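I opened my notebook for a new protein.

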Amino acid sequence: MEYVIAVIGATGNVGREMLNILHERDFPAKKVIAIGSSRSVGTEVFYGDMVLKCQSLENTDFKEVDFVLMSAGSEISKLWARKIAEQGVIVIDNASYFRMHQDVPLIVPEVNAHVLEEYMKKDNRLNIVANPNCSTAQLVVALKPLHDEAKINRIVVATYQSVSGAGKVATDELFEQTRSVYMNNTKKSKFFTKQIAFNVIPHIDSFIEGGDTKEEWKIEVETKKILDKNIKVTSTAVRVPVFVGHAEAVNISFDHPISAKKASDILRSAPGCMLVDKVEDNQYITPIECVGEYATYISRVREDKTVEHGLNLWIVSDNLRKGASLNTVQIAETIVNRRLLIPKNMSEM
């Protein structure tokens, strides 16, 4: 079976990665359509060796499309996702707009594919599936196998998030500021609230009531929705001068003992996880080493003696891949591999 698939936001960092990953993983695509904003019409993007010219969202006919992978921001999702889904298209949305919607599943296939399967079998589904925040995705991939072994009670996480998570404007600002510092001509920040070059900023997204940022709130509520509503989660989200790759320092409290060795053994064979953790050989992962990779990497697994049944982990992943594009494609793959959607071209035969 082959499917018609459209990528909305095809000229952005995440959209381009979606096209790359669809081709790399040999997704059964009969046709791939690149869609951008009105100002991006005609812009060329690549699907393998094939050059696709972007068309506008407004002028796209979705009647033959099976999947839409959407990465164009919450406002576009709000305006368009339902309209497209009502045409019998499965919309997999990378924005935050639908994530906490009661009738929309929030999916990381290694963690809760069963929820996706149940949803796809519903007659009254909305045809919209949400992709989580990039920091949440890598976090729950690492925590799910441990939660299955020893129930997690509480998570404390500090994120170290690269600028690509904020888009091309943020990436350009880090580049320009870094160059300006070396030229002794530091430029003022336009996108970030403070200088990002040679600095760290404990502020991602807007502040909300209570002093948290919206990014920190997302990590809390999304982790609960995907993993377990009873887990207590607190986080501090920090932007760092790294182009690609999010890192997280995670402290976990369990309801009964789990040793660092046991946790390492579990993570070594867990889906989507790659354990790199030999302290004596300085074998631990850093963001630069995960760029372009599919796995969620875990290092520095150790017991925390200051709390009952505690562990510490260091988790790193390519945020443009597992944090966004890869997870979106994996959701579509799960639907295809479990035969949960018949292509429109076949259903009409």
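Which residues have the most contacts inside the largest nonpolar core? I looked up Phe 62, Val 68, Ile 84, Leu 146, Ile 298 and Leu 313, and these are the ones. The core itself has 55 residues. A nonpolar core here is a set of buried Ala, Val, Leu, Ile, Met, Phe, Trp, Tyr and Cys residues joined through side-chain atoms within 4.5 Å. Buried means under 20% relative accessible area, exposed means over 50%, and partly exposed lies in between, with a 1.4 Å probe and protein chains only.

I noted the source of the model. It is predicted: local features need pLDDT of at least 70, side-chain atom pairs count only at pLDDT 80 or more, and totals for chains, interfaces and linings use all residues. Residues are numbered from 1 along each chain as its sequence is written, and side-chain values use heavy atoms, with hydrogens and water left out.

I then checked Phe 62. Not counting residues up to four places away in sequence, Phe 62 touches Ile 8, Ile 35, Leu 57, Val 68, Ile 84, Gln 87, Val 89 and Lys 344. A contact means heavy atoms within 4.5 Å. I also found a second, separate core of 37 residues. Leu 19, Leu 52, Ile 92 and Ala 332 are among them.

**The whole chain**

I counted 10 helices and 14 strands. These are DSSP runs, numbered from the N terminus: helices are H or I with at least four residues, strands are E with at least two. Of the 349 residues, 52% count as buried. I also looked at contacts between residues at least 6 apart in sequence, and 71% of them join residues at least 24 apart. The C-alpha trace spans about 65 × 55 × 40 Å along its principal axes.

**Two loop residues**

Where is Asn 184 found? I located Asn 184 in the loop between helix 5 (168-182) and helix 6 (214-226). Its phi is near 60°, a positive value in a residue other than glycine. Asn 184 counts as exposed because its relative accessibility is 74%.

Phe 198 has its place in the loop between helix 5 and helix 6. Phi of Phe 198 is near 60°, again positive in a residue other than glycine. Is Phe 198 buried or exposed? I have it down as exposed, because its relative accessibility is 53%.
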